[in-house]
Amino acid sequence: ESVPGLVSSRGQEIGLKSQIVPDLQTTLVIWRLDFDSELVYVGDAGNTEAGRPSRRTGVEWSNHWTPGAHFLMDANFAWTRPRYSDNDPAGNYIANAVQKVANLTFALRNLGDWSGSVGVRYIGAAPLIEDNSVRSLGTQLIDLRLGVQRQKSQFGLEVFNLLGSRTHDIDYYYASR
């Protein structure tokens, strides 16, 4: 059976943005999103199907700091509570719905023709089944970027997963595996 591409959803958001501290932009947002149906990947069948209704609530905090012409820092954090909104004996956790994400980037710029940055990204653990008894592991990655500008051309070198962390892009858990 085909799955409808769009389902009804409702959302609310309230936030604050501040530039009270010199050279720092900070934003704090609290939000909620209700879906009439979650799209769920069914690995044993190899397809996506309409699932149960859900509610996701969360907090996001973003910071952009530029204390001078040569330094920049971005720090972003998100906490989410994703749950099915009906009560089912199987459980109310949404499989593969990440609950914590963070990104921290430090950049040097305007250093003559050169620039560079290092970023740390964290993606937290997630439930793999609805009762939350099996969870994926969190992921931490460090990325590096170096750049140079020569006349009207820009050249860059990016190294993803600088430390060679052994992580999974996504994890699944099924009774058949």
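Does Asp143 count as buried or exposed, and at what relative accessibility? Asp143 counts as buried, at 17% relative accessibility, under the 20% cut-off for that class. Please keep in mind, as you look through these close-ups, that the model is predicted.

**View 1. Asp143 and Arg121 meet in a salt bridge.** The N to O distance between the two side chains is 3.9 Å. Asp143 belongs to strand S9 and Arg121 to strand S8, so this pair ties together parts 22 residues apart in sequence. Arg121 is partly exposed, with a relative accessible area of 32%.

**View 2. Asp36 and Arg10 form another of the seven salt bridges in the structure.** Here the N to O distance is 3.3 Å. Asp36 sits in the loop between S2 and strand S3, while Arg10 is in strand S1, so the contact links parts 26 residues apart in sequence. Asp36 is partly exposed at 38%, and Arg10 is partly exposed at 40%.

**View 3. Salt bridges link Arg32, Asp34 and Arg55 in a network.** Within this group, the side chains of Asp34 and Arg32 meet at 3.5 Å, N to O. Asp34 is buried, with a relative accessible area of 8%, whereas Arg32 is partly exposed at 31%.

**View 4. Strand S5 pairs with S2 and with S6.** S2 and S5 are antiparallel over twelve bridges, with Thr26 opposite Asn63. Twelve bridges also join S5 to S6, again antiparallel, and Gly58 has Thr80 as its bridge partner. A hairpin of five residues connects S5 to S6.

**View 5. Ser136 lies in the loop between strands S8 and S9.** Ser136 is buried, with a relative accessible area of 11%. Its contacts beyond four places in sequence are Ala125, Ala126, Leu128 and Asp171.

How values were computed:
Residues are numbered from 1 along each chain as its sequence is written. This is a predicted model: local features need pLDDT of at least 70, side-chain atom pairs count only at pLDDT 80 or more; totals for chains, interfaces and linings use all residues. Side-chain values use heavy atoms; hydrogens and water are left out. Helices (H or I, at least four residues) and strands (E, at least two) are DSSP runs, numbered from the N terminus. Buried means under 20% relative accessible area, exposed over 50%, partly exposed in between (1.4 Å probe, protein chains only). Contact means heavy atoms within 4.5 Å. Two strands pair if DSSP finds at least two bridges between them. A salt bridge is a side-chain nitrogen of Lys or Arg within 4 Å of a carboxyl oxygen of Asp or Glu.
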